Amino acid sequence: MAASPLRFIQVGKHFSRGAARVRALDALDLNLTAGSITGLLGPDGAGKTTLMRLAAGLLLPDVGTIQVLGADTRARAAKIQAEIGYMPQQFGLYEDLTVQENLDLHADLQGLSAEAARTRQRELLRMTALGPFGTRRAGTLSGGMKQKLGLACALLRVPPLLLLDEPTVGVDPIARRELWGIIQGLKDQGVTVLMSTAYFDEAERCDEIILLHQGKLLKKDTLAAFRLPLQGRCFRVTEDTGNKRRLRESLQRRPGVQDARIVAAGVRVLCQGPSVEAAPGERWQAETPTFEDAFVDLLGTAEMPDEAAPAAPAAATADQDAEIIIEVRDLRKRFGNFEAVKGNTFMVRKGQIFGLLGANGAGKTTTFRMLCGLLPASSGTLRVAGVDMRRATAQARARIGYVSQKFSLYGNLSCDQNLAFFSAAYGLRGTWRRQRLQWAVQKFQLSDYREVNADQLPLGIKQRLALACALLHAPPILFLDEPTSGVDPLARREFWQRVNALAESGVTVMITTHFLEEAEYCDHLVLLSQGEVLAQGSPQQVRALAQDKTHPEPSMEEAFIHLIQTHENQGRRAS
Amino acid sequence: MNAQRLRGLMRKEFLQILRDPSAIAIAFVMPVFLLFLFGYGVSLDAKRVPIAVVVHQPTAETSALIGGLQESPYFQPRVYASIRGAEQAVMTRRANGVVWLRSDFSRRLLQGNTASIGVLVDGVDANNARILEGYLQGVWQNWLRQRALHAGTPLIVPVHDEYRIWFNPALRSRDYLVPGLIAVIMTLIGALLTALVVAREWEHGTMEALMATPVGMGEILLGKLIPYFFMGMGGMLLSVALAVWLFAVPLVGSFWVLLFCSALFLLVALGMGLLISSVARNQFVAGQIAIIVTFLPAFILSGFIFDIQSMPAAVRVITHAVAARYFVSILQTVFLAGDVWPILLWNSLALGLMAALFLGLTLHRSHKRLD
């Protein structure tokens with residue numbers, strides 16, 4: 001058997017942040033199998049990026065040794081870097097340079113002859129389907145294309161070891177599928193791949209999975225070995241009323257249930273043991289364990305606060321005939337000659353969780369900004385909470401809460417100071433202000449972090465704070481722009497529990513996401529492609545659109561890819 | 001050092017320069033802007049200074065003196081009938097000084113007695129006040145001489161002064177400000193360019209990707225140094241062209257000496273920028289540091305405006321660490337005095353040492369690692 005291309009021996013790494021020393025990795029032992037794809041998973045701050053950088057010789061360990069392709073990173077970093085391929089999280093592309101120029105630069109850096117460079121580049125351009133974009137600047141490419149180009153740059157010389165740091169983050173499902181095709185192809189050429197990822201379904205495609213938590217190796221094994229202890233503990237629960245959200249709440253609180261989450265066909269339950277009492281009217285069906293179950297089992301579910309039932313659940317149902325709170329008719333947005341949003345129409349009802357889905361560049365963010373009054377519409381009707389957004393944006397803004405992708409918190413203000421600032425910005429006063437501040441700290445469990453600066457907070461807590469700030473003025477509508485991108489799986493689940501609770505209490509939630517499994521949490525979806533509404537309806541209805549003989553029960557991701565590809569083909573035929 | 005890698009890095013840098021206007025703005029627009037601002041806005045000469053002339057009793061003598069003031073390019077006299085009005089004009093800053101010819105001025109003169117002229121100067125701007133004082137004296141000495149000549153009784157002064165002004169005979173302050181300014185501009189261009197572009201690589205994550213390739217740290221640094229050296233020299237030539245053709249500053253010394261010394265100084269400035277970028281990994285901080293530690297000292301402590309000899313001893317010692325000081329001295333010499341080798345050699349030696357120090361320190365401090 002070939003020697004391990006990457007070995008960590010009792011590796012420890014600390015960082016000093018101000019006066020404090022933060023432990024990033026601790027006594028880590030690791031061995032990659034040659035010619036395999038290994039997935040690196042773990043919550044935010046588990047040490048995934050540090051591990052990658054250590055392996056690339058860009059950081060040196062405090063203790064322990066790392067051997068890459070038989071060489072010690074301390075002594076022979078230059079030799080290692082000459083051999084491995086490495087793609088950092090930020091792509092490492094020059095945005096002002098074209099696709100071809102980026103490739104040329106890396107060919108020169110790798111010392112390829114002109115002849116070899118041309119052949120290899122042609123191969124890579126074909127593999128990544130970037131051929132037609134050779135003269136486009138890298139900065140104008142979509143997220144998925146940037147990732148593919150970044151990968152191509154790391155692959156100019158076929159490296160024996162390829163390190164990929166979250167190569168699929170921020171990438172739409174179609175591009176993700178293409179990236180995986182490339183990675184599989186590399187494996188067939190004998191390349192050993194180590195990639196970190198936030199997607200559970202990607203972990204399932206890896207030969208081996210490394211699970212990190214707080215700088216420690218929790219488990220490294222094959223997928224089958226991860227699943228084994230969960231046999232007989234996973235179920236799918238359905239109920240006649242079809243209100244999955246309330247069913248989930250009820251199951252989560254039941255003794256013996258470790259975790260409950262909403263999936264396409266019902267609520268998926270992970271039990272602590274094999275026997276849990278079913279309530280009348282529920283149907284329990286055994287399921288095969290997935291890696292997500294194993295992840296939750298090993299890391300535990302993030303704790304939730306007082307899960308007291310909402311005050312008036314009956315009034316808060318997301319009925320299909322509830323009052324319309326957002327009305328969009330024939331909405332258009334033009335940027336110069338380019339039409340980003342092309343005459344879209346949809347309605348949002350009170351208390352709904354309304355999802356806006358689409359590939360990169362589909363017009364999600366543009367639509368979203370118009371709805372929040374951040375961007376004027378070119379034409380069409382736009383009413384939010386009864387206010388015409390094209391006339392009285394200020395009035396409508398008082399009735400919406402908005403959390404942007406980057407959270408918009410003041411990094412060097414403490415939690416309390418951020419809350420105080422936003423309460424003042426929303427014009428809260430006196431007792432009402434005090435009450436709301438108290439509510440925010442309690443509801444979002446921020447009491448342990450009150451004096452901590454927002455910059456120093458873990459991403460998940462930061463997200464809670466951003467949510468708290470946006471809800472201080474008790475708005476009836478909440479806008480969330482890609483709130484879960486870059487957030488680890490556990491924090492994401494906790495986030496969705498909160499959003500569910502909000503919707504149950506009657507807040508209308510409008511959300512964009514590119515995690516398609518999250519679409520299942522929504523009551524109503526709008527699928528955008530190239531500025532047009534491709535499909536809308538409940539998650540079941542959208543999935544049903546992609547049903548055919550080969551896919552009797554398509555997942556949201558399959559439906560998404562199917563619908564977009566059909567649409568693009570039609571577009572191509574029409575032109 | 002690998003030629004292919006270096007060539008690749010340099011080509012990348014040139015493409016970025018072409019497509020991102022900020023580097024071009026720093027190298028070419030900023031010098032023009034600063035030269036215009038300082039070339040036209042800053043003048044240490046006193047010209048057309050408004051002064052109040054108090055004449056109690058207008059006579060032929062007084063109008064001759066006023067005529068002398070009017071002819072002088074330095075004054076704009078305005079006649080007041082009473083000292084009170086003139087004082088008021090000084091108080092409200094409508095006049096910078098007062099010349100007071102009392103009612104007995106002409107009478108005493110004609111009688112052959114000593115007549116006195118009252119002079120009052122606004123001393124708020126000390127520098128201007130001194131210049132004003134000197135010019136005023138010049139005016140009436142001239143007037144006295146002419147008057148004596150007229151009367152056929154030559155003025156007898158035991159000592160006769162014979163002025164010769166070297167290098168800048170017209171005493172135009174612009175002629176020595178503009179060359180000094182070029183040093184300040186070059187400091188800013190050199191340090192800002194490199195500090196910002198390296199910080200940009202850190203910000204965009206491209207540095208991390210570069211470091212994980214076979215490229216060496218020396219190659220990365222040279223790949224920055226060479227393109228921005230040419231950019232900086234371009235900015236330099238533009239500044240010299242403006243100085244010579246627009247501001248009509250004479251270039252007495254040789255152009256090639258100027259070019260050589262500028263290249264040397266540019267290496268120092270680029271080295272400072274690279275050293276800054278090894279500390280500051282974001283563009284905002286890098287820009288701030290570059291302005292505070294390179295531009296401001298170059299402006300204040302280089303002798304470009306403020307004479308180093310008249311600074312307190314401790315500050316004089318500090319000025320030796322300011323690279324622009326040596327370059328200002330070189331520039332003022334080459335432009336106005338010519339190729340004075342002792343000055344050029346010693347200052348060039350100092351620049352050479354500083355370039356080696358900064359570039360060496362940068363190389364020593366830069367590792368192909370992220371921490």
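This is a predicted model: local features need pLDDT of at least 70, side-chain atom pairs count only at pLDDT 80 or more; totals for chains, interfaces and linings use all residues.
Two strands count as paired if DSSP finds at least two bridges between them. Residues are numbered from 1 along each chain as its sequence is written, and chains are lettered from A and ligands numbered from 1 in the order in which they are written.

**Overall build**

- Chain A has 18 helices and 24 strands; helices (H or I, at least four residues) and strands (E, at least two) are DSSP runs, numbered from the N terminus.
- Since a compact globule of 575 residues would have a radius of gyration near 25 Å, the 25 Å of chain A agrees; the radius is taken over C-alpha atoms, and the globule rule is 2.2 Å times the number of residues to the power 0.38.
- Along the principal axes, the C-alpha atoms of chain A fill a box of roughly 65 × 60 × 55 Å.
- Take contacts (C-beta atoms, placed from the backbone, within 7 Å): in chain A, 70% of those between residues at least 6 apart in sequence join residues at least 24 apart.

**The six-stranded sheet**

- Chain A holds an open sheet of 6 strands in the order 6-7-8-3-9-10, with mixed pairing.
- At the edges sit strand 6 (85-87) and strand 10 (216-221) of chain A, each pairing on one side only.
- On average, neighbouring strands of this sheet are turned by 15 degrees against each other, direction ignored.
- Strand 9 (residues 208-213) of chain A runs antiparallel to strand 10 of chain A, and 5 bridges join them.
- A:Ile210 has A:Lys220, in strand 10 of chain A, as its bridge partner.

**Helices on the sheet**

- Helix 5 (residues 143-154) of chain A packs on the sheet and touches strand 6 and strand 7 (161-164) of chain A. The direction of helix 5 makes about 155 degrees with that of strand 6 of chain A; axes are lines fitted to C-alpha atoms, for helices over the stretch in contact, and angles run from 0 to 180 degrees between N-to-C directions.
- Helix 6 (residues 173-188) of chain A packs there too, touching strand 3 (37-41), strand 7 and strand 8 (192-196) of chain A. Its direction makes about 150 degrees with that of strand 8 of chain A.

**Meeting chain B**

- Here 23 residues of chain A are in contact with 24 residues of chain B.
- Helix 3 (99-109) of chain A gives the most to the side of chain A that touches chain B, with 4 residues.

Notes. Two residues are in contact if their C-beta atoms, placed from the backbone, lie within 7 Å.
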